[in-house]
Amino acid sequence: MGKLYVFDHPLIQHKLTYIRDKKTGTKEFREIVDELAALMAFEITRNLPLEEVEVETPVSIAKSNVLAGKKLGIIPILRAGLGMVDGILKLIPTAKVGHVGLYRDPETLQPVEYYVKLPSDINERELIVVDPMLATGGSAIEAIHSLKKRGAVNIKFMCIIAAPEGIEALQKAHDDVEIYVAGLDEKLNEKGYIVPGLGDAGDRLFGTK
């Protein structure tokens, strides 16, 4: 079963409180999601492999470490996942970005795929699928399925807030995918929203209703 990592870093928890607050406006919400994504990317990349190189300092020759050429890809689930991309790219500017477009049918709550555009070499990349919310798990499951059927083999999932139901469903459907979350909430309500959650992340990011 894919491992679950819940971040307890004080800065992440502090910022999480502000995006939960319904009084937080679109501009501030967007900025904090960007900051949270960067902080989470710092944690999710903790085990990237390094290699030793030599550099000349103003004083001497130093043996130091650089990333060992690991190819990374960021895959936001449209549309809300877009809010997390820039924060990650600030730390990993060479990462390629793909997109998976899904919407949730309001009647069945099931995801419907409408757009997929990915780097040509996704089978060689470590992919980080991002979406602010993991509610029923349907969108994440379908997005990861879309990646796998196109050749992806190394996938992680990162979200800001998750419900236990979504975690369980994702782990059952994709037991090889590690899951990284900032907040693990109580439950889903009858409409499929996370409780206490933060409302609709896409609407709050983009100022829509």
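In this tour a residue is called buried when its relative accessible area is under 20%, exposed when that area is over 50%, and partly exposed in between, with a 1.4 Å probe and protein chains only. The model is predicted: local features need pLDDT of at least 70, side-chain atom pairs count only at pLDDT 80 or more, and totals for chains, interfaces and linings use all residues. Residues are numbered from 1 along each chain as its sequence is written, and side-chain values use heavy atoms, with hydrogens and water left out.

Helices (H or I, at least four residues) and strands (E, at least two) are DSSP runs numbered from the N terminus. A salt bridge here is a side-chain nitrogen of Lys or Arg within 4 Å of a carboxyl oxygen of Asp or Glu. The structure holds 14 such salt bridges.

Select Glu-43 and Arg-46. These residues form a salt bridge whose closest N and O atoms are 3.0 Å apart. Glu-43 is buried, at a relative accessible area of 19%, whereas Arg-46 is exposed, at 54%.

Next, select Glu-35 and Lys-15, whose side chains meet in a salt bridge with an N to O distance of 2.8 Å. The pair links distant parts of the chain, with Glu-35 in helix α2 (residues 26-44) and Lys-15 in helix α1 (residues 10-20), 20 residues apart. Glu-35 is partly exposed, with a relative accessible area of 33%; Lys-15 is buried, at 19%.

Then move to Asp-34, which forms a salt bridge with Lys-90, the closest N and O atoms being 2.5 Å apart. Asp-34 lies in helix α2 and Lys-90 in helix α3 (residues 85-91), so this pair ties together parts that are 56 residues apart in sequence. Asp-34 is buried, with a relative accessible area of 13%, while Lys-90 is exposed, at 60%.

Also in helix α2 is Ala-38, which counts as buried at 17% relative accessibility. A distance drawn from the C-alpha atom of Ala-38 to that of Leu-198 spans 19 Å, and the two residues are 160 apart along the chain.

To see a network of salt bridges, select Lys-71, Asp-121, Glu-124 and Arg-125 together, as these residues are linked in one.

**Stop two: the pockets**

On a 1 Å grid over the protein atoms alone, a pocket is an open set of points with protein on both sides within 12 Å along at least five of seven lines, and lining residues have an atom within 4 Å of a point. Grid points are joined across faces, edges and corners, and a volume is the space filled by probe spheres set on the points.

The largest pocket has a volume of about 700 Å³. Its lining comprises 29 residues, and the closest to its centre are Arg-104, Asp-131, Met-133, Ser-139 and Asp-200. To display the surrounding elements, select β4 (72-78), β6 (99-104), β7 (111-117), β9 (133-134), α4 (138-148) and α6 (201-206), each of which supplies at least two lining residues. In the classes used here, Ala, Val, Leu, Ile, Met, Phe, Trp, Tyr, Cys and Pro are nonpolar, Asp, Glu, Lys and Arg are charged, and the others, Gly among them, are polar. The lining of the largest pocket divides into 16 nonpolar, 8 polar and 5 charged residues.

The second largest pocket has a volume of about 320 Å³. Select Leu-48, Leu-67, Leu-72, Leu-91 and Ile-92, which lie nearest its centre among 15 lining residues. This lining has 8 nonpolar, 3 polar and 4 charged residues.

**Stop three: two cis peptide bonds**

Most peptide bonds are trans. Select Leu-78 and Arg-79, which are joined by a cis peptide bond with omega of about 5 degrees. Arg-79 lies in the loop between β4 and α3.

A cis peptide bond also joins Val-195 and Pro-196, with omega of about 0 degrees. Pro-196 is found in the loop between β13 (194-195) and α6, and Gly-197 lies in that loop between β13 and α6 as well. Gly-197 is buried, with a relative accessible area of 4%. From Gly-197, draw a C-alpha to C-alpha distance to Gly-183: the two are 8.9 Å apart in space and 14 residues apart in sequence.

Terms used: On a 1 Å grid over the protein atoms alone, a cavity is a set of points where a 1.4 Å probe fits but cannot get out, and a pocket is an open set with protein on both sides within 12 Å along at least five of seven lines; lining residues have an atom within 4 Å of a point.
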